[in-house]
Amino acid sequence: MKNSNLIQAILFTLVAGLVSANANADSGADLYKSECSACHIAYPPAFLTSASWDAVLAHLDDHFGDNAELAAQELASIKQYVEKNSFDHSRIKRRYGNRFDTPGTPLRVTKTRFFRAIHDEVPDRLVTGNPAVKTFARCEVCHRGAQYGSFDEDEVRIPR
Amino acid sequence: MYRKKVINLLTVLMVLSVQSAMASPLDDLLNSYKAQGATQFSAQRGKQFWATKHADKQGGPARSCSACHSNNLTRMGKHIRTGKAIKPMAPSVNSARLKKARKMKKWLHRNCKWVLGRTCTAQEKGDILTFINTFK
């Protein structure tokens, strides 16, 4: 477990950032949660940059092959919420500067440099090669507190 | 005093029940479709629409309402692309269905575009809702 102290520190700051983001909950936060958790977990807004969120929200009519369009008013409210709580405003960004900046504008959390850095010890055979998991996109399968915004490494249980 | 309270309560209950009998969100929505030019709605037409298959332009399996929701609306459905489990559509077994205008509009918009590649007409939407609502 090289770098495990760094990873723990990162996870701690990430979770702390999520908790503080929850404190200023508004209708945008509620809408984000109810709308964006209907098909998958509501990924914490801090997982993507504002630019990435803009790109995701601009193409909800083709949301990874599915149509997830929202009414204009709800979209605006959700957009405001995710941008205010995006990676750009996260503690990771404040603490590490551009260290985890990802080139381009990835639409998937799994393509971000931060995600890759903290999952580099997880072999594919435990996830994509594991019928009980199948994909890195379903955080909650291994991170048992993911629905509640908790991604603590100690809560990870990889199904076999 | 006590009697007055009971009468007040009954009045409130009556007003509420009359209101809900007059205009459910579903009725409101159907009426708005009629205002947009739709005529009498038909569960039979809705049923046909539900089962009609549309080719996927990207070469995936054909799309239809029934592909994900099945033709038996009292059963669970399964999204053909994502595998997401979908609760039964028929209000006769799932009382949460067709209760909220926002939800009905949202999913009719999304699913018409996903299945047909276009939004549905007022007539089509009314027929679909009527089919779902009367499914036994």
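This is a predicted model: local features need pLDDT of at least 70, side-chain atom pairs count only at pLDDT 80 or more; totals for chains, interfaces and linings use all residues.
## Helix α3 of chain B

The face of α3(B) turned away from its buried side carries the exposed residues Q44(B), Q48(B) and A51(B). Residues are numbered from 1 along each chain as its sequence is written, and chains are lettered from A.

**The buried side**
- G46(B), K47(B), F49(B) and W50(B) are buried in α3(B).
- They cover an arc of only 165° around the axis, so they sit on the same side of α3(B).
- The buried residues of α3(B) pack against α4 (65-69) and α6 of chain B.

**Packing with α6**
- Helix α3 (residues 43-51) and helix α6 (residues 122-134) of chain B pack at about 100°, with their axes 7 Å apart.
- The two helices are therefore roughly perpendicular (65 to 115 degrees).
- Among the residues making the contact are F49(B) and W50(B) of α3(B) and I128(B) and F131(B) of α6(B).
- Contact means C-beta atoms, placed from the backbone, within 7 Å.

**Confidence and the chain contact**
- Chain B averages a pLDDT of 91 (the predictor's confidence in each residue, from 0 to 100).
- The complex gets an ipTM of 0.78 and a pTM of 0.78 from the predictor.
- Chain A and chain B each give 8 residues to their contact.

Methods. Two residues are in contact if their C-beta atoms, placed from the backbone, lie within 7 Å. Axes are lines fitted to C-alpha atoms, for helices over the stretch in contact, and angles run from 0 to 180 degrees between N-to-C directions. Helices (H or I, at least four residues) and strands (E, at least two) are DSSP runs, numbered from the N terminus. Angles under 35 degrees count as roughly parallel, over 145 as roughly antiparallel, 65 to 115 as roughly perpendicular and the rest as oblique. A residue is buried if 20 or more other C-beta atoms lie within 10 Å of its own, exposed if 12 or fewer, and partly exposed in between; C-beta atoms are placed from the backbone. The arc is that of the directions from the helix axis to the C-beta atoms.
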